[in-house]
Amino acid sequence: MVNTDGQLYTIEGFAAALIMIATAYLVINATSVYTAGDTHISDMQLEAIGTDALKVMDTNESHLSKSPLRDIIEGTPIGAENATFGASFWYLINNRTQSGLDHIQYSASYSYRNTTDNSVNSAFINASRNLSVGEHAVRATKWVVVNKQLPGNITAQDRAVLVEVLMWRD
Amino acid sequence: MTDENGNLSIDFLAGFTIFMLAFIWVVSMIPGLMIGLQSYTIDYDAVAYRTGVILVEDPGWPFSPPWESFNDAQKFNVTRFGLALSKDTPNILSEDKVNRFFCATAFIYPNDYRSRVIFGDYPYGFNISLIDDGGKIKSVGDVLPEGYGYIRRTVKIKGTSNATINQSYIQNHSFTKSDNATTHVFSILIDNPKLLGDITDPAYQIDPAREQITINITDLRSTITNYPPIINNTTSTVTLRNIKVFKQDGGVYSNVPLPATDFPYIDGSSSRVTAMPVSVTDNITLRFSPQFFDRLKAQSSKIYIALGFTVSPESTFLNNTQALPDFNTLDGQLTFNNPNTTPFYYDYNPANVTQPHLRDAVVEVAVWSGAVTSYGGGGPTPINGTHTIYASAGSGGTISPIGSVSVSDGANQLFTITNNTGYHNTDVVVDGVSNGSVTSYTFSNVTQDHTIVASFAINTYVITPTTPLVNGAINPNTPQTVNYGDTPTFTFTPSPGYHLDTVFVNGTPLPPTTPTTYTFPAVTTNKTISATFAPVFFDDFDAVASPAGWTTTGTYNRFTGTPHFGAASIQLRDEPSWLERTISTTGYSSITVSFDMGSQTNAAGHYLSAQWSSDGGVTWTLLKQINDGDPEDDDNLHPFSYSLLASADNNANFVLRFSLEADTPGDKGYVDNVLIGGNPI
């Protein structure tokens, strides 16, 4: 004789399985976020290259010399362009070992505090070309200590300026 | 007979099985939670990034002694590659570490690298390459596939220090000051407390325990000086008997054996000598491994390296140390020849030691999945028949063609550099190397990618003011450097009574831009600038015909006695006399008048006066009257100056008059240096 008692566990197993699967399905679908991950990696790579290049340019070649970046900022009147920066920075960010040069463009400036009116002013350094509409740029920055008479200072003195470079790919 | 008992067991098993299957399925979905957030590309990029960070920002392990000083037999003690000098100097790599890392005979791709720098259980393929600013490429890894994760790091490589002790250095430091002898000792001092204390930044520090140091001793045979009887130094023999290392701690010397792995290189050989004594022809290279110094634990010790030589026949030779009683048994204090003789200092003096120098380099890491297809260095060789030359120009000019230029393999490509008007070409940098201000550059037989960057600078010119000027000044008064197209302004300050008359640019007279300034049009050449200043009227009565041009009455004469300024003054005397002149001030305003005047009258009511008239002499305005007995009535000249009323401006009927009121012989009045000034309207 057959009755319903013998199918009780089977039904419970089915029920539990369905509940687990449904729960997992809902949870997974509710928490998964699909991102444009490759775009972030590309930005990270550009930032790393720019940060490295600024760091390298702000490194003395020996204990007897000053860093090239400091020399450039100190030696360039505010508002004047410096092609030396362009030649050095462009090569640093585009040089590769074997697969030809990269095609990274840049625009560099630095910011300083005007101690007279406590404003923050910006001075252009150099750009490989202008950033066009639709191009995606990332930023790399570095604080650089320079001995320079900035607007608001009576004499040259050690001041920290923030060098900022926008970089984008052709 | 059947009942439900049997069904119950089967039912339980079925239900439990279904539950477990579902549970396992759900658990297996958990890793899938992450799938949506990753891709193979991201994974490879992340591994490449991690590898790049380890290489560029980590000094590796072991750190002390540094892993790169381990020889091939010790390489299994290296647990992590890292090329940075220290954890405090990211992006500054050690040349020793770089050379060791890319040593294909010491470390075998992929396993030696995978376990020390790539990490992880997954069998990644990879390529790591480095190029320095000299264009020298080092590489380890496989050929790049189609897709791979990638990171590029820009770095500095710290070169090692080295010293060369050559003939001139030896002579300059009297390192041959010795008696004629066969035994000679030359000492080198590595003063660790000074080396580690004077400079603490690892990027510029000389630390023998972290980086190898190299000392080249050259021109040995030339240091042999003959004493009678004359010998031929080319037939003399030089033997390096031994090298002793002494560690000095607090005045106490201890003898440290030099391991065979640090024996010197002789006469340019690429292998170290295996034993000493050894015959030397001309030069010795000492290259000490950091491991050797690290083992000495000598951070607070001075290390003396003493080289013992035997020279035959007897002669003066490289020598700065007394070797008494015997070099081989010397374990006491080193003594130098005399108080003026010192060991060779390996220090931060650039005259002694070529200092560590940082140079630019780029490190690239590429990581991918899949089977390794080939081994060894060489790196990627993407050959598709064309190469790219990337040409760019700074502001102030152009390069043609510009941008990415595709060139067939083996072809030539000409670039023409043209500066804009007012600019000049300062440099053309090809693959990071300066070529000067050339106007064209040709890449011949192109077999790889290149870069060419043209730089320009604006032309500058010098404007030189003539100084000093007569009767005025110019500001600025020093040569000024200005850019092409600039329009600099010079300001002129006339002396009192004068105004800017004519500006001369390169000797050519030009009208001033304003009454007191001159602004250059756009400057395109070097210039000079000067100016002349003029009064409205001036008469110093020095001319022999004086007072020509003046209307006179009474008794007067050009007077060369006392008082006068210059050659002469005008004297009025004896009777009512005056000196009068109509001076047009047309074209001028703010009229001023100055003059020197004085008198010697003999009676009350007698006086000398100066007056002016704006209406041709109908009415007069008194400027100054010197009465009998006034302080200025002293037979001398006194200066007077006045600013006149506006009625004197721009007036053709302006009249100036000096008059002596007298009736006695001997009354005298004097006038000199009459100056009328004004500003041009």
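In which sense do strand β26 (residues 460–465) of chain B and strand β33 (residues 527–534) of chain B pair, and over how many bridges?

A: Happy to. The two strands run parallel, and three bridges join β26 and β33 of chain B. Two strands count as paired if DSSP finds at least two bridges between them. Helices (H or I, at least four residues) and strands (E, at least two) are DSSP runs, numbered from the N terminus.

A word on reading the model: it is predicted, so local features need pLDDT of at least 70 and side-chain atom pairs count only at pLDDT 80 or more, while totals for chains, interfaces and linings use all residues. Residues are numbered from 1 along each chain as its sequence is written, and chains are lettered from A and ligands numbered from 1 in the order in which they are written.

Now step back to the sheet. The pair belongs to an open sheet of five strands in chain B, ordered β28-β26-β33-β30-β31, with mixed pairing. At the edges stand β28 (480–483) and β31 (508–510) of chain B; each has a single partner strand, so one side of each lacks a neighbour in the sheet. Setting direction aside, neighbouring strands here are turned by 30° against each other on average; axes are lines fitted to C-alpha atoms, for helices over the stretch in contact, and angles run from 0 to 180 degrees between N-to-C directions.

B:Pro476 sits in the loop between β27 (472–475) and β28 of chain B, and its peptide bond with B:Asn475 is cis, with omega about -5°. Another cis bond, also with omega about -5°, links B:Ser312 and B:Pro313; B:Pro313 is placed in strand β13 (residues 302–315) of chain B.

B:Asn445, not a glycine, has a positive phi of about 50° and belongs to the loop between β24 (440–443) and β25 (450–458) of chain B. A residue is buried if 20 or more other C-beta atoms, placed from the backbone, lie within 10 Å of its own, exposed if 12 or fewer, and partly exposed in between. B:Asn445 has 8 C-beta neighbours inside 10 Å and so counts as exposed. B:Asp574, likewise not a glycine, has a positive phi of about 75° in the loop between β37 (569–573) and β38 (577–582) of chain B. With 17 such neighbours inside 10 Å, B:Asp574 counts as partly exposed.

Chain B also holds an open, mixed sheet of four strands in the order β5-β7-β12-β10. Its edge strands, β5 (162–165) and β10 (265–266), each pair on one side only. Here β5(B) and β7 (residues 213–217) of chain B are parallel over four bridges, with B:Thr164 opposite B:Asn216.

Eight bridges connect β17(B) to β2 (residues 125–132) of chain B, and B:Gly125 stands opposite B:Trp368. A further 10 bridges tie β17(B) to β4 (residues 149–158) of chain B, again in the antiparallel sense, with B:Arg153 bridged to B:Val363.

Overall, chain B has eight helices and 44 strands, and buried residues make up 38% of its 681 residues. Two residues are in contact if their C-beta atoms, placed from the backbone, lie within 7 Å. Among contacts in chain B with a separation of 6 or more, 73% are between residues 24 or more positions apart.

Chain A comes to four helices and four strands, in the sequence pattern α-α-α-α-β-β-β-β. Its mean pLDDT is 84, pLDDT being the predictor's confidence in each residue, from 0 to 100. Please treat residues 34–38 of chain A with care, as pLDDT stays under 50 there. In helix α3 (residues 68–75) of chain A, the buried residues are A:Leu69, A:Arg70, A:Ile72 and A:Ile73. They cover an arc of only 160° around the axis, which puts them on the same side of α3(A); the arc is that of the directions from the helix axis to the C-beta atoms.
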